[in-house]
Each structure stands twice: as C-alpha cells, then as structure tokens.
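Please keep the sequence and the structure open while reading.

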Amino acid sequence: FLNLAVVNAVGGGFATVWPCDEPRPDTANANFAGAAAVSNFVAVAPDGDGEVCIWTSVEADVVVDVLGAGRAGFDGFPPRRVLDTRS
C-alpha cells in the first residue's frame, strides 16, 4: 500500500503504478491538472523483487510514501446494519 503524490506537473495528465514484471496497465491511479499537488492511495502488489513501477503521462515530480503491506487476497465481512436510525 502506498500514497502516490504528483507535484509540479507541466500540464494535465495521469500517473499509473503497477508491478514491474507486468505490462503497464491502461488505468490511472491519479489524475492531475497542472502543477497543483494531487495524491491518491494505491493498493498494488509488488513484483517478485518487491518493486513497483511508476509512469506519468507528462513530466512531473512524484512522491511515494509506503504505508504498509498486506497479504494476498482479501477476507472481508459481509455487510450488516450495526445501527438503524430510521423511523
């Protein structure tokens, strides 16, 4: 898990994060419009060497904060209503 921040971009564009041992996907993890800072939470699995690749569609500075790691898969809980405030 990481936080991706894009700053000082020369124009509008997008950034993509993916495992380096796979082809770059067509989806964006962050969209930005110029030099204003934009950040987004990204959940991406690293490759076998523990690395991820980052690509921006235009020249920009990228700041990455690694927030943690998780195991493969997700075991969520089924939805349930904890409190009902309806009349």
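In what order do the 3 strands of the open sheet lie? The model is a predicted one, and in it the order is β3-β2-β5, with antiparallel pairing. Strands β3 (30-33) and β5 (52-56) are the edge strands, each of them pairing on one side only. Ignoring direction, neighbouring strands of this sheet are turned against each other by 15 degrees on average. Strands of a sheet pair through backbone hydrogen bonds, and they do this in either a parallel or an antiparallel manner.

The contact between β2 and β3 can be followed in more detail. Strand β2 covers residues 12-19 and is joined to β3 by 4 bridges, the two strands running antiparallel. To find one of these places, look at Ala 15, whose bridge partner in β3 is Ala 30.

The surface comes next. A nonpolar patch there is formed by Ile 54, Val 62, Val 64 and Val 66, which together have about 300 Å² of accessible area. Strand β6 (residues 61-66) supplies the largest share of this patch, 3 residues. Val 66 lies in strand β6. Val 66 counts as exposed because its relative accessible area is 68%, and the cut-off for exposed is over 50%.

Charged side chains are the last stop. The model has 1 salt bridge by the rule used. Arg 86 and Asp 84 form a salt bridge, and their closest N and O atoms are 2.9 Å apart. How accessible are the two partners, Arg 86 and Asp 84? Arg 86 is exposed, at 57% relative accessibility, whereas Asp 84 has a relative accessible area of 40% and is therefore partly exposed.

Conventions:
Residues numbered from 1 in each chain as written. Predicted model: local features only at pLDDT ≥ 70, side-chain atom pairs only at ≥ 80, totals over all residues. Heavy atoms only, no water. Patch = residues over 30% accessible without salt bridge, like charges linked within 9 Å, V, L, I, M, F, W, Y side chains within 5 Å. Areas by Shrake-Rupley, 256 points an atom, 1.4 Å probe, with all protein chains shown as cover. Salt bridge = Lys/Arg side-chain N within 4 Å of Asp/Glu carboxyl O. Buried < 20%, exposed > 50% of the residue type's maximum accessible area, 1.4 Å probe, protein only. Pairing = 2+ DSSP bridges. Axes fitted to C-alpha atoms, helices over the stretch in contact; angles between N-to-C directions.
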